Amino acid sequence: VTVKPVTPIVFLAGPDANYVNLSLTNKTSPQISLTIPITNSSETYVYQALEVKVNAGSPNLYVDSCSYTGPSLTSVELIVYSTTGSPSSPTGTITINPSSSSGCTASGTVSLTAGNTYYIDFLVQPSLPIPNGASSGTLTIYFGLTNESAVTVPTS
């Protein structure tokens, strides 16, 4: 019997990952880290920074935990949509409320479908005004999955 293990979901660098110095791991606890350019504008939109490929099942994606260092942010919204779709028609969103002093909380779950690939965009809303001389912010996200259905393994 030949068994080929299938990873239900794989995180990949999106087309604009270099813009935010994205680093990611596809280990037991998927983790991404990105450096967010923050200015005194009301928001920063990072387009297609992360790509998610769903190989099996119908998992639900959520943020298990996160951490943030940098200037104060109001929120970071993760907008998930099919690579064949548009950010204006998202599959779902996850909202992160990061704070370098009181931790990081997240809400929202996005249902994904096997055989599809998704982009994740980041909408960053800073707490204005940004102090003079503030540095970039670094957000680290640990993703979680629920509803991972059983995978049928072909035999040969």
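This is a predicted model: local features need pLDDT of at least 70, side-chain atom pairs count only at pLDDT 80 or more; totals for chains, interfaces and linings use all residues.

Reader: How many residues does the largest nonpolar core have, and which have the most contacts inside it?

Author: The largest nonpolar core has 35 residues, and those with the most contacts inside it are Leu78, Ile96, Leu112, Ile120, Phe122, Ile141 and Phe143. Several strands each supply at least two residues of this core, including S1 (9-13), S4 (44-54), S10 (117-126) and S11 (137-146).

Reader: Which strand gives the most to it?

Author: That is S4, with five residues, and S4 is mostly covered, since eight of its eleven residues are buried.

Reader: And what does S4 pair with?

Author: S4 runs antiparallel to S1, joined by five bridges, and it also pairs in the antiparallel sense with S10 over seven bridges.

Reader: What else does isoleucine 120 touch?

Author: Leaving aside residues up to four places away in sequence, isoleucine 120 touches Gln48, Ala49, Leu50, Val52, Leu61, Leu78, Ile79, Val80 and Phe143.

Reader: Changing topic, how many aromatic pairs are there?

Author: The structure holds two aromatic pairs. One of them is formed by phenylalanine 11 and phenylalanine 143, which are stacked at 5.0 Å centre to centre with 20° between the planes. This pair links distant parts of the chain, with phenylalanine 11 in strand S1 and phenylalanine 143 in strand S11, 132 residues apart.

Reader: Are those two phenylalanines buried or exposed?

Author: Phenylalanine 11 and phenylalanine 143 are both buried.

Key
Residues are numbered from 1 along each chain as its sequence is written. Side-chain values use heavy atoms; hydrogens and water are left out. A nonpolar core is a set of buried Ala, Val, Leu, Ile, Met, Phe, Trp, Tyr and Cys residues joined through side-chain atoms within 4.5 Å. Buried means under 20% relative accessible area, exposed over 50%, partly exposed in between (1.4 Å probe, protein chains only). Helices (H or I, at least four residues) and strands (E, at least two) are DSSP runs, numbered from the N terminus. Contact means heavy atoms within 4.5 Å. Two strands pair if DSSP finds at least two bridges between them. Rings of Phe, Tyr and Trp (its six-membered ring) pair if their centres lie within 6.5 Å; planes under 30 degrees apart count as stacked, over 60 as edge-to-face and the rest as tilted.
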